[in-house]
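Please look over the chain and its ligands before reading on. The notes below are a briefing arranged by topic.

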Amino acid sequence: MDNFPIINLENLNGDERKATMEKIKDACENWGFFELVNHGIPHDLMDTVERLTKEHYRKCMEQRFKELVSSKGLEAVQTEVKDMDWESTFHLRHLPESNISEIPDLSDEYRKSMKEFALKLETLAEELLDLLCENLGLEKGYLKKALYGSKGPTFGTKVTNYPPCPKPDLVKGLRAHTDAGGIILLFQDDKVSGLQLLKDGNWVDVPPMHHSIVINLGDQLEVITNGKYKSVEHRVVAQTDGTRMSIASFYNPGSDAVIYPAPTLIEENNEIYPKFVFEDYMNLYARLKFQAKEPRFEAFKESNVNLGPIATV
Ligand code: OGA
Ligand code: NI
């Protein structure tokens with residue numbers, strides 16, 4: 001099997017531009033995932049975000065997680081747990097407006113670093129969308145516009161720690177799913193592994209790498225590209241030793257954005273993906289995240305509209 005795609009973004013500036021664009025295209029078509037190095041986000045900012053995230057976990061989250069685990073008896077389970085994940089997590093929203101000032105227990109320094117990091121990630125997400133446009137033969141700005149809605153994209157960060165788990169085969173760090181949104185940028189622990197994607201029926205590790213950013217594509221890009229690019233199933237397997245940090249930022253459509261396949265990507269008689277309002281998709285996803293994505297798409301197809309999304313699942 002080919003190796004997990006690593007893209008050196010700096011190579012876009014020189015002789016290797018064409019080969020690098022090709023590599024991105026191949027990753028989008030065949031993996032749904034790739035890992036970026038030399039992405040332009042300052043390493044010292046990443047180091048600060050990592051240090052503050054780990055400090056915050058130890059100070060504010062770890063004890064709470066331990067209490068939850070013992071109250072649910074999760075350490076001693078004998079059969080597979082299907083309704084919970086072995087993760088300690090909190091969410092931040094950046095766009096359409098930031099809620100960072102309202103999240104409790106964050107130091108000023110942590111708030112400031114996360115804001116700065118999110119701004120860099122937002123820029124990187126939009127750069128990547130344009131690279132995808134180029135590879136897809138779409139005009140520059142097409143994907144950004146497609147996700148925009150009336151108030152711009154929704155951009156948020158899920159900050160997670162996956163503590164050591166005594167039964168990683170029975171309780172997943174995060175159960176298998178595809179991501180609902182547009183493009184996802186992940187700053188993951190550089191030592192403790194655990195993220196896996198499903199490729200050709202096998203779970204493949206996403207290798208930890210210092211200062212890299214892992215990218216993956218969500219369901220909305222699958223719809224807009226009319227299936228040229230696919231959202232790929234992934235999961236987190238917690239480790240028996242070591243806590244894994246994961247800071248996942250989701251660049252998603254605005255809630256009222258109307259999502260549909262780009263007309264130039266529809267070959268004749270080949271319109272397979274539906275049209276819908278992103279918010280409606282998210283309402284469905286909230287209930288069906290850990291199930292296959294196909295019924296979600298089916299629910300919005302023309303012939304099912306009268307039944308409504310709920311009656312079809
Ligand atoms: C997610 C996700 C991966 C990770 O939150 O959707 O896939 O490594 N996270 O935490
Ligand atoms: Ni995910």
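The points that follow cover the metal site, the salt bridges, the surface charges and the backbone.

This is a predicted model, in which local features need pLDDT of at least 70 and side-chain atom pairs count only at pLDDT 80 or more, while totals for chains, interfaces and linings use all residues. Residues are numbered from 1 along each chain as its sequence is written, chains are lettered from A and ligands numbered from 1 in the order in which they are written, and side-chain values use heavy atoms, with hydrogens and water left out.

Helices (H or I, at least four residues) and strands (E, at least two) are DSSP runs numbered from the N terminus.

**Metal site**

- The nickel ion (ligand 2) is coordinated by His177 through NE2, Asp179 through OD and His234 through NE2, at 2.0 to 2.1 Å; donors are N, O and S atoms within 2.8 Å of the metal (3.2 Å for Na, K and Ca), and since water is not among the atoms, sites may look incomplete.
- Along the chain, the donors of this nickel ion (ligand 2) follow the spacing H-x1-D-x54-H, and both histidine 177 and aspartate 179 are buried.

**Salt bridges**

- The whole structure holds 17 salt bridges, a salt bridge being a side-chain nitrogen of Lys or Arg within 4 Å of a carboxyl oxygen of Asp or Glu.
- One of them joins glutamate 55 to arginine 51, with N to O at 3.5 Å; because these residues are four apart in helix 2 (residues 43–72), they are separated by about one helical turn.
- Glutamate 55 counts as partly exposed because its relative accessibility is 29%, and arginine 51 is likewise partly exposed, with a relative accessible area of 39%.
- Glutamate 97 and arginine 93 also meet in a salt bridge, at 3.6 Å from N to O; glutamate 97 is partly exposed at 47% relative accessibility, and arginine 93 is partly exposed with a relative accessible area of 31%.
- Glutamate 222 forms a salt bridge with lysine 293, whose closest N and O atoms are 2.8 Å apart.
- This pair links distant parts of the chain, with glutamate 222 in helix 5 (residues 219–224) and lysine 293 in the loop between helix 6 (278–288) and helix 7, 71 residues apart.
- Glutamate 222 is buried, having a relative accessible area of 3%, and lysine 293 also counts as buried, at 10% relative accessibility.
- Glu50, Lys54 and Asp189 are linked in a network of salt bridges; aspartate 189 lies in the loop between strand 6 (183–188) and strand 7 (195–199) and is buried, with a relative accessible area of 2%.
- Aspartate 189 and serine 246 are 57 residues apart in sequence, and their C-alpha atoms are 6.1 Å apart in space.

**Other acidic residues**

- Asp2, Glu22, Asp26 and Glu29 form a negative surface patch; patches are made of residues with over 30% relative accessible area and no salt bridge, like charges being joined within 9 Å and nonpolar side chains (Val, Leu, Ile, Met, Phe, Trp, Tyr) within 5 Å.
- Glutamate 22 belongs to helix 1 (residues 17–30) and counts as partly exposed, at 47% relative accessibility.
- Glutamate 302, in the loop between helix 7 (294–299) and helix 8 (308–311), counts as exposed because its relative accessibility is 72%.
- Aspartate 85, in the loop between helix 2 and strand 3 (88–95), is buried, with a relative accessible area of 13%; its C-alpha atom is 9.2 Å from that of valine 236, although aspartate 85 and valine 236 are 151 residues apart in sequence.

**Backbone features**

- Most residues other than glycine have a negative phi, and most peptide bonds are trans.
- The peptide bond from leucine 95 to proline 96 is cis, with omega near 5 degrees, and proline 96 is found in the loop between strand 3 and helix 3 (108–136).
- Aspartate 105 has a positive phi of about 65 degrees although it is not a glycine; aspartate 105 is placed in the loop between strand 3 and helix 3 and is partly exposed, at 48% relative accessibility.
- Histidine 211 has a positive phi near 65 degrees, lies in the loop between strand 8 (202–205) and strand 9 (213–217), and counts as buried at 12% relative accessibility.

Technical notes. Areas by Shrake-Rupley, 256 points an atom, 1.4 Å probe, with all protein chains shown as cover. Lys, Arg positive; Asp, Glu negative; His and termini not counted. Charge placed at Lys NZ, Arg CZ, Asp CG, Glu CD. Buried < 20%, exposed > 50% of the residue type's maximum accessible area, 1.4 Å probe, protein only.
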